[in-house]
Amino acid sequence: MTLVVSDISNMGIIMVGDSAVTCKKATGESFVEAGAVKVQYSETANVGFAMWGNADVGGQRLDSWMASFIRTITPLENIDDIGLRLATNINEVISKSGNSWKDLIRGIHLAGYKKGVPCLYHVHCGHPNEAPHELRLHKDFPDDQSL
């Protein structure tokens, strides 16, 4: 089970998360190991990422895949560009698994700034009231707040 928390305010941004990964033995028995880096940061774009859910991305652990993705971020990209490219890139990899989207549930919080305003976005496979689908960018704050 994962716990990640992301919060934004006029004081700044905070993102925290645990480091546990649930794995399965060949026998099907589950076990938990530590060592996942579920909160990561792009200094290039000043954007943080917090990951939860299914951690397999084409046979690679999600935190390792994210570290590689973060290294490709350029200074010309903003949080919107990064979120859209993140959803597209990860969908390309995980859709090849042949698994249904309900078996691929995962999400990534993105937090950064646009014109000095803190933003909290989320790339995920659907809200609780909808069927699971490919990862999509949801601009949660401030865009979806009708402010």
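1. Let me start with the cysteines. The sulfur of Cys23 lies 20 Å from the closest cysteine sulfur, that of Cys125, which is too far for a bond. With a disulfide taken as a pair of cysteine sulfur atoms within 2.5 Å, the count comes to zero disulfides. Buried here stands for under 20% relative accessible area, exposed for over 50% and partly exposed for the range in between (1.4 Å probe, protein chains only).

2. A word on the model itself: it is predicted, so local features need a pLDDT of at least 70 and side-chain atom pairs count only at pLDDT 80 or more, while totals for chains, interfaces and linings use all residues. Residues are numbered from 1 along each chain as its sequence is written, and side-chain values use heavy atoms, with hydrogens and water left out. The chain averages a pLDDT (the predictor's confidence in each residue, from 0 to 100) of 92, and 97% of the residues score at least 70. Helices (H or I, at least four residues) and strands (E, at least two) are DSSP runs, numbered from the N terminus.

3. Now to the sheet. Five strands make up an open sheet with antiparallel pairing, in the order β5-β6-β9-β10-β11; two strands pair if DSSP finds at least two bridges between them. The edges are held by β5 and β11 (136–141), each with a single partner strand, so one side of each has no neighbour in the sheet. On average, neighbouring strands are turned by 25° against each other, direction ignored. Axes are lines fitted to C-alpha atoms, for helices over the stretch in contact, and angles run from 0 to 180 degrees between N-to-C directions.

4. Two helices pack on this sheet. Helix α1 touches β5, β6 and β9, and its direction makes about 5° with that of β5. Helix α2 (residues 79–94) touches β6, β9, β10 and β11, with its direction at about 160° to that of β9. Contact means heavy atoms within 4.5 Å.

5. Five of the seven residues of β6 (residues 47–53) are buried, so the strand is largely enclosed by the rest of the structure. Four bridges join β6 to the antiparallel β5 (residues 39–42), and Tyr41 stands opposite Gly48. The hairpin of β5 and β6 has four residues between the strands, and Asn46 takes a positive phi near 55° there. With β9 (residues 106–114), β6 pairs over six bridges, also antiparallel, and Trp52 stands opposite Gly107.

6. For the aromatic rings, a search of the whole structure finds one pair. Trp65 and Phe69 are stacked, at 5.7 Å centre to centre and 10° between the planes. Rings of Phe, Tyr and Trp (its six-membered ring) pair if their centres lie within 6.5 Å; planes under 30 degrees apart count as stacked, over 60 as edge-to-face and the rest as tilted. Because Trp65 and Phe69 are four residues apart in helix α1 (residues 62–71), about one helical turn separates them. Both are buried.

7. Finally, Leu104 sits in the loop between α2 and β9 and counts as buried at 4% relative accessibility. Leaving aside neighbours within four places in sequence, Leu104 is in contact with Asn54, Ile94, Ser97, Asn99 and Cys125.
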